[in-house]
Amino acid sequence: MSSLSIRTFPDPILRKVCTPVRRIDRSTKAFIDRLIETLYRQPGGIGIAAPQVGVCKRIAIVDLSSKEPSAQRLVLINPVILKGEGHRLFREGCMSLSDYTANVHRHEKVHVKWLGLDKQNHELSANGIEAICIQHEIDHLNGILFVDRVASLKTDVFRRRRYL
Ligand code: NI
């Protein structure tokens, strides 16, 4: 199995509203395996969405286990945020816009539902970085990038420092 290449801004696929998954079959599972492998190839990566590898389908992976050992990997198929609560400003980054970080306004907590690989409906109340990451990845499925959510492009977007 091989990992997939990451689409970067301004690739037009990052601006598309992705299509719901109608059937979970062997090819869906094989694609998800490759998506997970692609996420793990990125140092510090905690989430990835299908359009970031050029597939316009409503699939995303959230895995905080590198930061929080108790965290479980979420394979989110057709995810929907049922409820968002509270507010948090968080410094985010993205593999598709890797030269920048930005202060992004998000819900502090979210209640999300999705279809699992087991074809069952799942629900979860998430907070902290997990809630931020879920919101960031679901935005990708709607063609929204984190820099779209900043209050000011002048004061809330930062160029990453590179030490070459
Ligand atoms: Ni991203």
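The legends below describe close-up views of a predicted model. Local features need pLDDT of at least 70, side-chain atom pairs count only at pLDDT 80 or more, and totals for chains, interfaces and linings use all residues. Residues are numbered from 1 along each chain as its sequence is written, and side-chain values use heavy atoms, with hydrogens and water left out.

**View 1. The protein chain as a whole.** The secondary structure comes to two helices and eight strands, where helices (H or I, at least four residues) and strands (E, at least two) are DSSP runs numbered from the N terminus. From the N terminus on, these elements run α-β-β-β-β-β-β-β-α-β. The radius of gyration of the protein chain, 15 Å, is close to the 15 Å that the globule rule gives for 164 residues, so the chain is as compact as a globular protein of that length (the radius is taken over C-alpha atoms, and the rule is 2.2 Å times the number of residues to the power 0.38). Of the 164 residues, 45% count as buried, meaning under 20% relative accessible area, with exposed over 50% and partly exposed in between (1.4 Å probe, protein chains only).

**View 2. The nickel site.** Cys 94 (SG), His 136 (NE2) and His 140 (NE2) coordinate the nickel ion at 2.1 to 2.3 Å; donors are N, O and S atoms within 2.8 Å of the metal (3.2 Å for Na, K and Ca), and since water is not among the atoms, sites may look incomplete. The spacing of the donor residues in sequence is C-x41-H-x3-H. Cys 94 lies in the loop between strand E4 (88-92) and strand E5 (100-106), whereas His 140 belongs to helix H2 (residues 128-141), so the pair ties together parts that are 46 residues apart in sequence. Cys 94 counts as buried at 6% relative accessibility, as does His 140 at 1%.

**View 3. Helix H1 and its buried face.** The buried residues of H1 (residues 26-41) are Thr 28, Phe 31, Ile 32, Leu 35, Ile 36, Thr 38 and Leu 39. Seen down the helix axis, they fall within an arc of 160 degrees, so they line one face of H1 (the arc is that of the directions from the helix axis to the C-beta atoms). On the other side of H1, Arg 26 and Ser 27 are exposed.

View 4. Strand E6 (residues 109-115) runs antiparallel to strand E7 (residues 121-127), and seven bridges join them; two strands pair if DSSP finds at least two bridges between them. Lys 113 stands opposite Glu 123 in E7. The hairpin has five residues between the strands, and Lys 119 takes a positive phi near 70 degrees.

Conventions. The expected span of a helix is 1.5 Å times one less than its number of residues.
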